[in-house]
Amino acid sequence: MRIGELAAQAGLSKDTIRFYEKIGLVTGRRLPNGYRDFSPETVTWLHYVRTAQTLGFSLAEIGRNFEELRDAPDSAEALSALFEEKIRVIDARMAELAALRADLDARVGTGCPLRVS
């Protein structure tokens, strides 16, 4: 499948697919005429990539876990472990943001809100 067809089926731009290829998230072979050729399974993989991004995974994280994500069935323990780790990261970040909010709230209305309290 050529890049234009892949882009249409995956709902992405050709530039996005080229970028994903550049960073190693997708691979295609080059035809003798120089066109990229992708397997039909690439559409499914790109849907997984987009879903993982929606769930808060960065492209770097997806790339690091590429083999586990690509070849694992939907109910795989490896995916559950990745999700549990992501939840821990989110919980830690939420705690940091709550502390930051409390600090900012304590400074509202003070004479010099940037002064160390």
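Tutor: Let us begin with a term: a residue is called buried at under 20% relative accessible area, exposed at over 50%, and partly exposed in between, using a 1.4 Å probe and protein chains only. By that definition, buried residues make up 26% of the 117 residues in the protein.

Student: Where does this model come from, and what should I know about it?

Tutor: This is a predicted model, so local features need pLDDT of at least 70 and side-chain atom pairs count only at pLDDT 80 or more, while totals for chains, interfaces and linings use all residues. Residues are numbered from 1 along each chain as its sequence is written, and side-chain values use heavy atoms, with hydrogens and water left out.

Student: OK, how many helices and strands does the protein have?

Tutor: The protein has six helices and two strands, where helices (H or I, at least four residues) and strands (E, at least two) are DSSP runs numbered from the N terminus. Read along the sequence, their pattern is α-α-β-β-α-α-α-α.

Student: Now helix α6, how many residues does it have?

Tutor: Helix α6 has 31 residues, covering residues 77-107. From its first C-alpha to its last it reaches 45 Å, close to the 45 Å expected at 1.5 Å a residue, where the expected span is 1.5 Å times one less than the number of residues. After α6 comes Gly109, whose phi is positive, near 80°.

Student: Which residues of α6 are buried?

Tutor: Leu79, Leu82 and Lys86 are buried in α6. Lys86 counts as buried because its relative accessibility is 12%.

Student: What does Lys86 touch?

Tutor: If we do not count residues up to four places away in sequence, Lys86 touches Leu55, Gly56, Phe57 and Glu61, a contact being heavy atoms within 4.5 Å. With Glu61, Lys86 also forms a salt bridge, in which the closest N and O atoms are 3.1 Å apart. This pair links distant parts of the chain, with Lys86 in helix α6 and Glu61 in helix α4, 25 residues apart. A salt bridge here means a side-chain nitrogen of Lys or Arg within 4 Å of a carboxyl oxygen of Asp or Glu.

Student: Is Glu61 buried or exposed?

Tutor: Glu61 counts as buried, because its relative accessibility is 18%. Its helix, α4, runs over residues 59-64, and apart from neighbours within four places in sequence, Glu61 is in contact with Gly56 and Lys86.

Student: How many salt bridges does a search of the whole structure find?

Tutor: The search finds seven salt bridges. Among them is the one between Arg93 and Glu96, with the closest N and O atoms 3.2 Å apart; both residues lie in helix α6, three residues apart, which is about one turn of the helix. Arg93 is partly exposed at 46% relative accessibility, and Glu96 is partly exposed with a relative accessible area of 47%. Another joins the side chains of Asp103 and Arg107, at 3.0 Å from N to O. Because Asp103 and Arg107 are four residues apart in helix α6, about one helical turn separates them.

Student: Changing topic, which residues form a nonpolar patch on the surface?

Tutor: Leu97, Leu100 and Leu104 form that patch, with about 270 Å² of accessible area together. Patches are made of residues with over 30% relative accessible area and no salt bridge, with like charges joined within 9 Å and nonpolar side chains (Val, Leu, Ile, Met, Phe, Trp, Tyr) within 5 Å. Leu97 is partly exposed, since its relative accessible area is 39%. Accessible areas come from the Shrake-Rupley method with a 1.4 Å probe, and for residues, only the protein chains shown count as cover.

Student: What does the accessible surface of the protein come to?

Tutor: The accessible surface comes to about 8200 Å², and 57% of it belongs to carbon and sulfur atoms.
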